[in-house]
Amino acid sequence: QKEVEQNSGPLSVPEGAIASLNCTYSDRGSQSFFWYRQYSGKSPELIMSIYSNGDKEDGRFTAQLNKASQYVSLLIRDSQPSDSATYLCAVEGGTSYGKLTFGQGTILTVHP
Amino acid sequence: KAGVTQTPRYLIKTRGQQVTLSCSPISGHRSVSWYQQTPGQGLQFLFEYFSETQRNKGNFPGRFSGRQFSNSRSEMNVSTLELGDSALYLCASSGGLAGGYYNEQFFGPGTRLTVL
């Protein structure tokens, strides 16, 4: 079992729709959870961080964390073509300072 | 505030050579983490430095090493290069402390290494 798994892609949604990205992790001691966006040929860009159970909203993005189910998700509302990118889920363990474990990424395409 | 900078941006080397990559973190950040990104393996953690000390290390051979200076700038070195070392090498900086946003990592643009 991979340490961090993301829903298989690619994911294609129409403009204006909600894109839902999911991630599960295996280390129950994990404390910090992040979503990064990576455009082709660019480096990852941090878009959301979440540390406690529940929802965290930032503009069109909502991150959801459920530690009991070892599950974290990212919702993108009113998806735009500019949201087309690879989305990476990253997890930091309780004592693994500075070490992020990444999922394989989900490619999102938003078509007009 | 300036972001994370990495130099050089591109490198072409031949097998057996060694290479040194440099990373300057965001001002005030004391932690620098290094990652290797390849199409097949994705993003993999190499090591992390905080206040000149390596706190964490990934599962890479000893050919991969790093260090951090007193101004938090970091370098990583790969000796005896192999074809499989061709990758995008990314560094990320953070406050380096547990809790809250102190451990949010911000990535530099990366160094693209090609080994021929």
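Figure 1. B:Tyr89 stands opposite B:Thr111 in strand 11 of chain B. In this predicted model, local features need pLDDT of at least 70 and side-chain atom pairs count only at pLDDT 80 or more, while totals for chains, interfaces and linings use all residues. Residues are numbered from 1 along each chain as its sequence is written, chains are lettered from A and ligands numbered from 1 in the order in which they are written, and side-chain values use heavy atoms, with hydrogens and water left out. Strands are DSSP runs (E, at least two residues), numbered from the N terminus, and two of them pair if DSSP finds at least two bridges between them. Strand 9 (residues 87-94) and strand 11 of chain B pair in the antiparallel sense over 3 bridges. With strand 2 of chain B, strand 11 pairs in the parallel sense over 4 bridges; there B:Arg112 is the bridge partner of B:Tyr10. In a regular strand the side chains alternate between the two faces of the sheet. The covered face of strand 11 (residues 111-115) of chain B holds B:Thr111, B:Leu113 and B:Val115, and the uncovered face holds B:Arg112 and B:Thr114.

**Figure 2. The hairpin of strands 4 and 5 in chain A.** Strand 4 (residues 32-38) and strand 5 of chain A pair in the antiparallel sense over 5 bridges. A:Phe34 has A:Ser49 of strand 5 as its bridge partner. The two strands of chain A form a hairpin with 6 residues between them, and A:Gly41 in the turn has a positive phi of about 80°. Buried means under 20% relative accessible area, exposed over 50%, and partly exposed in between (1.4 Å probe, protein chains only). Strand 5 (residues 45-50) of chain A is largely enclosed by the rest of the structure, because 5 of its 6 residues are buried.

**Figure 3. The largest nonpolar core.** A nonpolar core is a set of buried Ala, Val, Leu, Ile, Met, Phe, Trp, Tyr and Cys residues joined through side-chain atoms within 4.5 Å. The largest one has 23 residues, of which A:Trp35, A:Val72, A:Leu74, A:Ile76 and A:Tyr87 touch the most other members. Strands of chain A that each supply at least two residues of this core include strand 3 (19-25), strand 7 (61-66) and strand 8 (71-76). A second, separate core of 21 residues includes B:Val4, B:Cys23, B:Phe64 and B:Leu81. Neighbours within four places in sequence left aside, A:Val72 is in contact (heavy atoms within 4.5 Å) with residues including A:Leu21, A:Phe33, A:Trp35 and A:Cys89.

Figure 4. Most residues other than glycine have a negative phi, and most peptide bonds are trans. A:Gln70, in the loop between strand 7 and strand 8 of chain A, has a positive phi near 55°. A:Gln70 is buried, with a relative accessible area of 12%. B:Ser72 lies in the loop between strand 7 (64-68) and strand 8 (74-78) of chain B, and its phi is positive, about 75°. B:Ser72 is buried as well, with a relative accessible area of 11%. A cis peptide bond, with omega of about -10°, joins B:Thr7 and B:Pro8. B:Pro8 is in the loop between strand 1 (5-7) and strand 2 (10-13) of chain B.
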